[in-house]
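Please read this report alongside the sequence and the model. It moves from domains to the sheet, then to the chain contact and to local backbone details.

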Amino acid sequence: MREYAFFLGCIAPNRYPGAEAASYKTAEKLGIKLLDLEGASCCPAPGAFGSIDLNIWYAMAARNLVLAEQMKKDIALICNGCYKSIWEVNHKLKKHKELREGVNEVLKGIDMEFKGTIDVWHLAELFYDPEIVGVDKIRDSVKVPLAGTRIAVHYGCHLMKPKKERHFGTTEHPTWIEEMVAALGAEPVEYRNKMLCCGAGGGVRGYDLVHSLDITNEKMINLKEAGVDALTEVCPFCQLQFDRGQIEIEEKFGVRYDLPVLHYCELLGLAQGMTPQELALDLHAISCEPFLKKVL
Amino acid sequence: MARTKGYPEPLEKKLRDTRLYEEDTNPQFTKTVEKISMTIPHMCYQCGTCTASCPSAPRSSYRIRKFVRRALLGLEEEALTDPDLWLCTTCYSCTDRCPRDIAPTDVIMAMRNLAAKRDIVPVNFLKTVQAIYTTGHGVPNNDVNRAARKKLGLNPEPPTTHGFPKYVKGIQYILDYFGLKQRADKIIKEREG
């Protein structure tokens, strides 16, 4: 069993706890144990904090990294926004001595030092990596195949972009999460402009809600055209923007989509036999019932 | 008879107003942006791939190419006081497609940092700071969520700063080190009373 310090972030534990519960259980079935990262905080939000002062963003993210360094465990997380902060700050501080010294000057005041001894991973990439889990093992873990459902994937931005600094290859037309969806027995569906942003990032959701929802709405139009039963993603912030966003889109633009939005861990949980109650799917703003009827 | 070259005076004046004058530019601004962003806007040849890739461009007057140009020309005032500066969703599509290997997204982030230094920053960004200062979380827990967590067999408070509030002190130390909480409080009070 591989062990990782589980960095929760904000939106999964505080808005979609089903995604958190699903992560522990699904990962354990695939040979990954997620340990509590005691005292972790907001990553902090790369849009909000990075925009105000990158140096504060570095220092705040470094505090979270040091907590995992003290545990001597790599970090696993389930949110693209957290990935941007935690992965990227780890990467930057390891690479740039000047930044590292600046951050350590701050952390000295709370008896901490960033050493650069751990790595950071998104749980989805651990699931996909054949040396750790791999698609075959995911397929073998399925008890309730999601047969007969059409599922689209939203990759989000901050996991794979900017591609030059990451290690995921193409960001124009990736298909690795579709492979993981197909492993659950569902039919992955392509749609127009798949890599378009959800619209929430960079502080735009808070700065200009209608602008951000308009981007979401463009995605919803494209998804509707493709005819899908559910949308899956690997980022609770994107999930919030699509799920609660659909309610806001109805209020602001008068259009209704009723498209269930599930984190990949929730989807995997269902396929591994977890009940909708064990996933707290009732907390979703958009009812998952039509999708569940097809599956269960 | 000698003729003066040019348009009639009112049009000439109008055109003059949109020209780039050296006194409006600050070469230091270009250098500062390049230092903070760790990227190279001076390499931009204005092809527009960035704006064409931008999800915010079709629905606003925000033009990322224009901001990169402003970085290159040192048009500090124009860049930092434009409200469009805050419409970038930081999706990094422009960065992945730039044929000059510039990261326009990081140019925007650097400009936002410089604007924020002059207290030009939307309040929603500062409210996130306040929330994190108090609880450690930008999106804190609530009672509906606590009840749901309990039903799931999770601790009502996640094992973060929520479950271990003693760690909030460290966060407050970092934010106070930069004086950010006081600044956030001050600016929000000015704007909202």
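This is a predicted model: local features need pLDDT of at least 70, side-chain atom pairs count only at pLDDT 80 or more; totals for chains, interfaces and linings use all residues.

The domains touch: 28 residues of domain 1 of chain A are in contact with 30 residues of domain 2 of chain A. On the domain 1 side, H1, H2, H3 and helix H5 (80–95) of chain A each give two or more residues. H2(A) gives the most to that side, with nine residues. By class, the domain 1 side that touches domain 2 in chain A has 14 nonpolar, ten polar and four charged residues.

Chain B is also assigned two domains, domain 1 (24–117) and domain 2 (123–192). Their centres, again over C-alpha atoms, lie 31 Å from each other.

**Chain A as a whole**

Chain A holds 14 helices and eight strands. Its radius of gyration is 19 Å, close to the 19 Å that the globule rule gives for 296 residues, so chain A is as compact as a globular protein of that length. The C-alpha trace of chain A spans about 55 × 45 × 35 Å along its principal axes. Of the 296 residues in chain A, 59% are buried.

**The four-stranded sheet**

Chain A has an open sheet of four strands in the order S2-S1-S3-S4, with parallel pairing. Which strands stand at the edges of this sheet? They are strand S2 (32–36) and strand S4 (120–122) of chain A. Each has a single partner strand, so one side of each is left without a neighbour in the sheet. From one strand to the next, the twist averages 40 degrees.

Strands of a sheet pair through backbone hydrogen bonds, either parallel or antiparallel. Strand S1 (residues 2–7) and strand S3 (residues 75–77) of chain A run parallel and are joined by three bridges. Within this pair, Phe6(A) has Ala76(A) in S3(A) as its bridge partner.

**Where the chains meet**

How many residues does each chain bring to the contact? Chain A contributes 53 residues and chain B contributes 48 residues. On the chain A side, six helices each supply at least two residues: H1 (11–15), H2 (17–29), H3 (46–52), H4 (54–71), H10 (204–207) and H11 (209–226). The chain A side divides into 27 nonpolar, 15 polar and eleven charged residues.

**Local backbone details**

| Site | Feature | Location |
|---|---|---|
| Cys43(A) to Pro44(A) | cis peptide bond, omega near 0 degrees | Pro44(A): loop between S2 and H3 of chain A |
| Lys161(A) to Pro162(A) | cis peptide bond, omega about -5 degrees | Pro162(A): loop between strand S5 (150–154) and helix H9 (176–182) of chain A |
| Ala280(A) | positive phi, about 50 degrees | loop between helix H13 (264–271) and helix H14 (289–295) of chain A |

Ala280(A) is not a glycine, yet its phi is positive. Ala280(A) has 22 C-beta neighbours inside 10 Å, so Ala280(A) counts as buried. Tyr92(B) has 27 such neighbours inside 10 Å, so Tyr92(B) counts as buried.

Lys186(B) sits in helix H11 (residues 180–192) of chain B. Lys186(B) is partly exposed because 13 other C-beta atoms lie within 10 Å. Gly170(B) is 16 residues away from Lys186(B) along the chain, and 22 Å separate their C-alpha atoms.

Terms used: Residues are numbered from 1 along each chain as its sequence is written. Chains are lettered from A and ligands numbered from 1 in the order in which they are written. Two residues are in contact if their C-beta atoms, placed from the backbone, lie within 7 Å. Ala, Val, Leu, Ile, Met, Phe, Trp, Tyr, Cys and Pro count as nonpolar, Asp, Glu, Lys and Arg as charged, and the others, Gly among them, as polar. A residue is buried if 20 or more other C-beta atoms lie within 10 Å of its own, exposed if 12 or fewer, and partly exposed in between; C-beta atoms are placed from the backbone. Domain bounds come from an automatic or database domain assignment. Two strands pair if DSSP finds at least two bridges between them. Axes are lines fitted to C-alpha atoms, for helices over the stretch in contact, and angles run from 0 to 180 degrees between N-to-C directions. The radius of gyration is taken over C-alpha atoms; the globule rule is 2.2 Å times the number of residues to the power 0.38.
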